[in-house]
Amino acid sequence: MDNVSIIGAISIIASGLTMAIGSIAPALGEGRALAQALSSIAQQPDETNTITRTLFVGMAMVESTAIYCFVVSMILIFANPFWEYAVSKAGG
Amino acid sequence: MHITPDTLIIFQWGSVSLNGTIFFTWCIMVLMVVGSWLITRKLSTETHLSKWQNLIEVLVTGIRDEIRDISSQDPGRYLSFVGTLFLFIAVSNLLGIVPGYVPPTGSFSTTAALAICVFVAIPFYGISQKGLSYLKQYIEPSMFMLPFNIIGEISRTFALAVRLFGNIMSGTIIAAILLSIAPLIFPVLMQILGLLIGLIQAYIFAILAMVYIAAATRVQRMKKETGRQNEKGDLSDG
């Protein structure tokens, strides 16, 4: 394999792994937060507004780690700087 | 495929080019400014309201109540900033159902600009509320925490920008990928989900900006009643 195909293969594998591993923890965390919020709403239906707002804000923060992983994998696939460097080198 | 509207060139005059981000931002600005000018031109205080005035009143009172709930202060001071953030992001995301339109919030330049506005607004409101003693909270536990406080401030701004960018960009890209795999019905469902996500992200961006500002403007009071009042303070370090 020449350099360009090594870079391409590793980028694809790495972006897949980034998504796969990076979404485990946020998924678990969001599931826990949602379950807790649901049981809180079941116990105190009057506080639904406050609980829902805090849940949304908290979930957005938990989710941001997954979003970082997504952005990194998108960069690896669509705007990979190493790939462009290698192609521009090979192209002269 | 365009990941961001930054690479989408709309017009080109010689060396001057107008990319999609700027163009669609201008479209939204024109839409919102002209729309609200047309609506507020003939406001009435009588029992009979026009439909559009009713819409605007619902929006403004909703945002005011939300700000009052979060900050437990008078919302008037924050309404213009937080309301503008919410309305701009919401309109920009919801217009995604218009064919040919690319949401400018799917570009990192737009979201970074919005996040920098929040970054500047936090000390602005803090200092205007509490004077220069606001700056003391950067060295709060001890002098050694100064770099960490500054890093925290910058990283939460970065998180704010990347969160909005990632969510909107993922919606655009998933729609594009699905169009090439299963073009019949499935992309419509993802578009509906995208509308929901766009509105939630606008809400979250505005709420987080408000939470940060509220945390900056009421540290003094929290110190006095320690322990009792930390349900919203906990959210302020993301």
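**Nonpolar cores and a helix pair**

In this predicted model, the largest nonpolar core has 43 residues, and those with the most contacts inside it are B:Phe81, B:Val118, B:Phe205 and B:Met210. A nonpolar core is a set of buried Ala, Val, Leu, Ile, Met, Phe, Trp, Tyr and Cys residues joined through side-chain atoms within 4.5 Å, where buried means under 20% relative accessible area with a 1.4 Å probe, protein chains only. Two or more residues are given to this core by helix 3 (48-78) of chain A and, among the elements of chain B, by helix 3 (76-94), helix 4 (108-130) and helix 6 (186-217); the largest share, 13 residues, comes from helix 6 of chain B. Helices are DSSP runs (H or I, at least four residues), numbered from the N terminus.

Leaving aside neighbours within four places in sequence, B:Phe81 is in contact (heavy atoms within 4.5 Å) with B:Cys117, B:Val118, B:Ala121, B:Tyr125 and B:Ile213. A second, separate core of eight residues includes B:Val162, B:Phe165, B:Met169 and B:Ile173.

In chain A, the axes of helix 1 (residues 3-22) and helix 4 (residues 81-91) come within 10 Å and cross at roughly 165°, which makes helix 1 of chain A roughly antiparallel to helix 4 of chain A (angles over 145 degrees). The contact is made by A:Val4, A:Ile7 and A:Gly8 of helix 1 and by A:Phe82, A:Trp83 and A:Ala86 of helix 4.

Residues are numbered from 1 along each chain as its sequence is written, and chains are lettered from A in the order in which they are written. Local features need pLDDT of at least 70, side-chain atom pairs count only at pLDDT 80 or more, and totals for chains, interfaces and linings use all residues, while side-chain values use heavy atoms, with hydrogens and water left out.

Conventions
Axes are lines fitted to C-alpha atoms, for helices over the stretch in contact, and angles run from 0 to 180 degrees between N-to-C directions. Angles under 35 degrees count as roughly parallel, over 145 as roughly antiparallel, 65 to 115 as roughly perpendicular and the rest as oblique. Buried means under 20% relative accessible area, exposed over 50%, partly exposed in between (1.4 Å probe, protein chains only).
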